[in-house]
Amino acid sequence: MKQIQSTMAGTVFNIVVQAGEEVSAGQTIMVLESMKMEIPVEAETAGKVATIDAQIGDFVNEGDVLVTFE
Amino acid sequence: MTVKMTYNDRLEEKLAGIFAGGHAKYHEKMKEQNKLFVRDRLALLFDDGEYLEDGRFANCEAGDLPADGVVTATGKVGGQQVCVMANDSTVKAGSWGSRTVEKIIRIQEIAEKTRVPMLYLVDSAGARITDQLDMFPNRRGAGKIFHNQVRMSGFVPQICLLFGPSAAGGAYIPAFCDIVIMVEGNASMYLGSPRMAEKVIGEKVTLEEMGGARMHCSVSGCGDVLVSSEQEAISEMRRYLAYFPANFTETPKVAESIASKEGRSLEAIIPENQNAPFDMYEAIDQLIDEGTFFDIKKLFAPEIITGLARIEGQAVGIIANQPKAKGGVLFGDSADKAAKFINLCDAFGIPLLFLADVPGFMIGTKVERAGIIRHGAKLIMAMSSATVPKISVIVRKAYGAGLYAMAGPAFEPDVCIALPTAQIAVMGPEAAVNAVFSNKIEAIEDPKERIKFVQEKHQEYKEEIDIYKLASEMIIDEIVSPSNLREVLAMRFRAYSTKHIPQPPRKHPVYPV
């Protein structure tokens, strides 16, 4: 089971994928907002999204889990 | 019938033993790991495979320790004379005995005296514990290797190609080199092996996780370039070396000018919305000669890009914020990465190009506790004390200390150029309006009135930091159309090539760490 963690502190601005969706490597799965910038979060490898672990508006710290893959 | 051996036969026999290296089973093992025998590495490394070897007969009386596990040699790489030490891991796992260490020290001394680059081809298990008194604590023991590296740092280029382990004390060879190229799957660096970690601190971990090439090139920052084979490591080293002079007294060679890569124009690449990400690599491609970018620490702290390139044939070191990764915000690791790169370029006369699009240094508990201020200080000190030609280009935004870190006007860049999209301020409009008017904004009850007030203040702020206003005040020196930027940079780097700044009379600054 692979997880994507936040690389920096910020708030969840937009969630692009849904649970159950197949994503390809490099695809944007979420957008964070931090330091007034939009920070795209990309999938490192292809896979199927199991759960979305943060909701729009949530504060996430560096290292918090954003998405879990099956 | 016995035939008496001639002198020559004896020599041939000794040489054959030395050239063969260690036991056949170790040669087999290397093949399985896609590793080359040390002499094959050297044949590939040197121009036409030709080199002069020293200390070839070291420990030849021992019988089973050909060359005492290390080959030291001088020869040419890309036309440049270099000195090389290369471990032979078929001989006692490339471990260091007293003669191994003495050979390494001697080849370093030759590199220093002849003022040529020193290359370290590392594949070694570390100290030969049975020989420790002869190679570890003494004046010409292993410590002397590192002492020499430190003395030669910035005097001649020092390059490490990591083909296998560099364990315990040996791990400081790569640590003191200008650059470390690591072969994925085979190269590793660690002070204590996983076996030792389990015995001493109770941690269960694999070698890859704890000291593997990918980890060091992406997490610890101890590695600079991750490659998939030894052949690739050698060809990347040749590309890197071509940017450097033989030593600090010489200047980098100028190559033939090549047109930049065909692609979208800078206008098309850079979004108008200051908050939207774009790929800085695509912008760099439009400024440099095609195919010349040598990325250093590509996988580590990707929010800042550091690499060597050529603009109309001239070597430059590029430091660029990457808005696509972490918004281009500066962190402790990004500051360390850029500081080391700037020191490297400044040491060998390679001019610096800063491409700024930076919202500032990261804020928050996590980074403050990790000491982001002292890390940021390293970057600002390295940038500030660099005396090579320095050009600062404000591509889009440069907020707060981000402007300082990217060679803003106060740090004596030879020129500070703004693109028409540039915005320089203590902070961006949204943050600034919030900071100044937050009480007033909250006091407005009608939401429509509130939005109207905020928008008015945004507008006023934007006018206050308008780039033509900054140009009128001579804060920036020049506003350049993106389509002319490459040409302007090439002309200005040529113009500043004779720059010389005498050093203030002091021993050295007190480096922040």
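What share of the 513 residues in chain B is made up of buried residues? Buried residues account for 45% of them, a residue being buried if 20 or more other C-beta atoms, placed from the backbone, lie within 10 Å of its own. This is a predicted model, in which local features need pLDDT of at least 70 and side-chain atom pairs count only at pLDDT 80 or more, while totals for chains, interfaces and linings use all residues. Residues are numbered from 1 along each chain as its sequence is written, and chains are lettered from A and ligands numbered from 1 in the order in which they are written.

**Chain B as a whole**

- Chain B holds 21 helices and 16 strands, which are DSSP runs numbered from the N terminus (helices: H or I, at least four residues; strands: E, at least two).
- The C-alpha trace of chain B spans about 115 × 55 × 45 Å along its principal axes.
- Of the contacts in chain B between residues at least 6 apart in sequence, 72% join residues at least 24 apart, where a contact requires C-beta atoms, placed from the backbone, to lie within 7 Å.

**Helices α4 and α6 of chain B**

- Helix α4 (residues 98–114) of chain B packs with helix α6 (residues 142–152) of chain B at an angle of about 15 degrees, and their axes are 9 Å apart; axes are lines fitted to C-alpha atoms, for helices over the stretch in contact, and angles run from 0 to 180 degrees between N-to-C directions.
- α4(B) and α6(B) are therefore roughly parallel to each other, a term for angles under 35 degrees.
- The contact joins B:V101, B:I104, B:I105, B:Q108, B:A111 and B:E112 of α4(B) to B:A142, B:K144, B:I145, B:N148 and B:M152 of α6(B).
- Seven nonpolar, two polar and two charged residues form the contact of α4(B) with α6(B); Ala, Val, Leu, Ile, Met, Phe, Trp, Tyr, Cys and Pro count as nonpolar, Asp, Glu, Lys and Arg as charged, and the others, Gly among them, as polar.

**Helices α14 and α16 of chain B**

- The axes of helix α14 (residues 332–347) of chain B and helix α16 (residues 372–385) of chain B come within 8 Å and cross at roughly 20 degrees, and α14(B) and α16(B) are therefore roughly parallel to each other.
- Residues of α14(B) including B:G332, B:A335 and B:I342 meet residues of α16(B), among them B:I372, B:L379 and B:M383.
- By class, the contact of α14(B) with α16(B) has eight nonpolar, four polar and two charged residues.

**Where chain B meets chain A**

- On chain B, 14 residues are in contact with twelve residues of chain A.
- The side of chain B that touches chain A divides by class into six nonpolar, five polar and three charged residues.

Notes. Angles under 35 degrees count as roughly parallel, over 145 as roughly antiparallel, 65 to 115 as roughly perpendicular and the rest as oblique. Two residues are in contact if their C-beta atoms, placed from the backbone, lie within 7 Å. A residue is buried if 20 or more other C-beta atoms lie within 10 Å of its own, exposed if 12 or fewer, and partly exposed in between; C-beta atoms are placed from the backbone.
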